[in-house]
Amino acid sequence: MGNKLSGKDLIKLGFPKNNAINIALGQINRYRKREKKESILTEAKQVLLHPEKFKGDGTWGKVAEGLVNPVQVKFNQLKTTRAPFSIFGENEIDEQAKFQLYDALKLPISVKGALMPDAHSGYGLPIGGVLATENAVIPYGVGVDIGCRMSLSIFDLPASFFKGKDHQLQAILKDNTKFGMSETHKVKADHEVFYKDEFKTIPVAKQLLDKAYKQLGSSGGGNHFVEFGIVKLDNPLPEWKLEAKEYVAVLSHSGSRGLGANIAKHYTYLASKQCPLPKNVQHLAWLDLNTHDGQEYWMAMNLAGEYAKACHEDIHRRLAKALGKRIAVTIENHHNFAWKEMVDGKECIVHRKGATPAAKGQLGIIPGSMTAPGFIVMGKGNEDSLQSASHGAGRLFSRAKCKATFTQSQIKKVLADNDVTLIGGNIDEAPMAYKNIHTVMNLQTELVDVLGTFTPKIVRMDR
């Protein structure tokens with residue numbers, strides 16, 4: 001008897017000849033390949049006898065579901081009519097992004113949608129797209145970088161602190177931030193997120209724990225950054241205990257690194273198998289939240305979100321320590337995530353893919369570009385935008401178009417004109433690649449109030 005489990009072994013035990021067998025084999029051969037075949041077969045027998053006891057189990061939950069209440073795989077046609085939607089800043093948004101939203105609004109699960117003024121086309125949902133669905137989550141509606149977010153730390157230090165400290169602050173950024181696929185901190189930090197049950201009970205997360213531990217406090221490539229800059233508070237909140245003036249601040253933008261990317265990949269694959277869709281919308285395959293995979297993705301997504309937050313906390317902790325100063329105020333928000341929220345009186349799953357949550361009184365940060373200000377905002381709770389706002393200025397030029405259009409010397413000139421120092425960074429992140437943030441902010445005055453601005457001074461990105 002070989003040590004690799006086969007379908008025949010399970011059929012001998014009494015498993016039905018259906019998809020539950022394939023699912024079982026896939027899970028076992030992926031996550032338990034080092035274990036003895038006999039012990040797995042003993043467990044399998046228990047699953048067959050009492051499937052309801054294994055419903056939430058990491059390895060066997062999907063098999064148990066296949067025995068008790070199999071997921072119905074049926075080809076989903078799009079509806080002929082769209083769910084209601086609103087577009088903010090229509091003239092600033094490319095047609096392809098609009099068509100991507102229109103397609104998403106025809107999904108049988110769609111309830112309502114919105115497009116933010118920084119929107120541009122992406123995979124599945126457009127970037128800047130918001131979609132409310134009924135009891136279903138779309139992995140590509142959240143995006144590959146789950147929990148990609150902004151974090152702003154304001155120090156009780158006057159802006160004049162920057163004078164004559166340029167080289168010192170550049171060195172602090174270089175020494176205390178890590179970017180891209182290979183850089184990690186030599187001295188690793190621990191964090192309570194690593195002790196969460198999900199890292200033990202969700203097989204795909206368990207496999208990624210070591211990677212997550214290594215990458216804590218690092219940022220991705222692309223448009224991710226850590227910046228020193230100046231915050232100008234126009235309308236500070238009383239609880240901040242800060243006057244309306246200018247302060248030193250750190251702003252970071254990144255997500256859940258390899259953990260989120262691999263979770264996204266795993267559950268997108270499962271969604272595409274369970275929810276076949278027409279070719280033009282196959283990226284919008286969803287998971288029903290009443291299924292094992294839907295529940296597991298929801299837990300894994302939330303874990304990735306907490307991990308992304310932990311990464312920012314570590315980045316800001318390291319920089320505060322290097323500065324020798326205490327953080328006075330932190331403002332932060334996800335902009336690639338899904339939440340359970342009330343929409344027109346019923347609970348929905350609200351996907352924000354490149355959109356800032358803007359419920360009434362909710363604080364957020366909307367960055368510009370490396371030569372344009374970011375904005376500290378407070379949401380107005382606008383129902384038409386599904387209580388959302390833009391997540392930045394939004395792209396005007398694709399990455400490929402940037403490489404064909406701009407040169408390094410043009411970028412150097414724009415940075416010099418704006419008195420900004422850049423460490424790393426590529427042509428595809430040129431300041432000119434982005435829409436005018438002031439135009440975008442003017443198009444969402446009914447979505448957010450502005451409390452202050454952040455102006456970048458020293459910017460660190462991946463090389």
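Author: Gln387 is buried, at a relative accessible area of 17%, where buried means under 20% relative accessible area, exposed over 50% and partly exposed in between, with a 1.4 Å probe and protein chains only. This is a predicted model, in which local features need pLDDT of at least 70, side-chain atom pairs count only at pLDDT 80 or more, and totals for chains, interfaces and linings use all residues. Residues are numbered from 1 along each chain as its sequence is written, and side-chain values use heavy atoms, with hydrogens and water left out.

Reader: Where does Gln387 lie?

Author: Helices (H or I, at least four residues) and strands (E, at least two) are DSSP runs numbered from the N terminus. Phi of Gln387 is near 50°, a positive value in a residue other than glycine. Gln387 belongs to the loop between strand 16 (374–379) and strand 17 (388–390).

Reader: Is Arg257 buried or exposed?

Author: Arg257 is part of helix 10. Its phi is also positive for a residue other than glycine, near 55°. Because its relative accessibility is 11%, Arg257 counts as buried.

Reader: How are helix 10 and helix 11 oriented to each other?

Author: Axes are lines fitted to C-alpha atoms, for helices over the stretch in contact, and angles run from 0 to 180 degrees between N-to-C directions. Under 35 degrees counts as roughly parallel, over 145 as roughly antiparallel, 65 to 115 as roughly perpendicular and the rest as oblique. The axes of helix 10 (residues 257–274) and helix 11 (residues 292–323) come within 9 Å and cross at roughly 160°. Helix 10 is therefore roughly antiparallel to helix 11.

Reader: Which classes of residue make up the contact of helix 10 with helix 11?

Author: Contact means heavy atoms within 4.5 Å, and the residues involved include Arg257, Ile263 and Tyr267 of helix 10 and Asp293, Tyr297 and Ala304 of helix 11. Ala, Val, Leu, Ile, Met, Phe, Trp, Tyr, Cys and Pro count as nonpolar, Asp, Glu, Lys and Arg as charged, and the others, Gly among them, as polar. The contact has 9 nonpolar, 2 polar and 3 charged residues.

Reader: How are helix 7 and helix 11 oriented to each other?

Author: The axes of helix 7 (residues 166–176) and helix 11 come within 10 Å and cross at roughly 140°. The contact involves Leu169, Ile172, Leu173 and Asn176 of helix 7, with Arg318, Leu319, Ala322 and Leu323 on helix 11. By class it divides into 6 nonpolar, 1 polar and 1 charged. Helix 7 and helix 11 are therefore oblique.

Reader: What does Ile263 contact beyond its neighbours within four places in sequence?

Author: Ile263 is among the residues with the most contacts inside the largest core. Leaving those neighbours aside, its contacts are Ile146, Leu208, Tyr297, Ala300 and Ala304.

Reader: What is the relative accessible area of Met116?

Author: Met116 sits in strand 2. Not counting residues up to four places away in sequence, Met116 touches Phe88, Ile93, Ala355 and Leu447, among others. Met116 is buried, and its relative accessible area is 0%.

Terms used. Core = buried A, V, L, I, M, F, W, Y, C linked by side-chain atoms within 4.5 Å.
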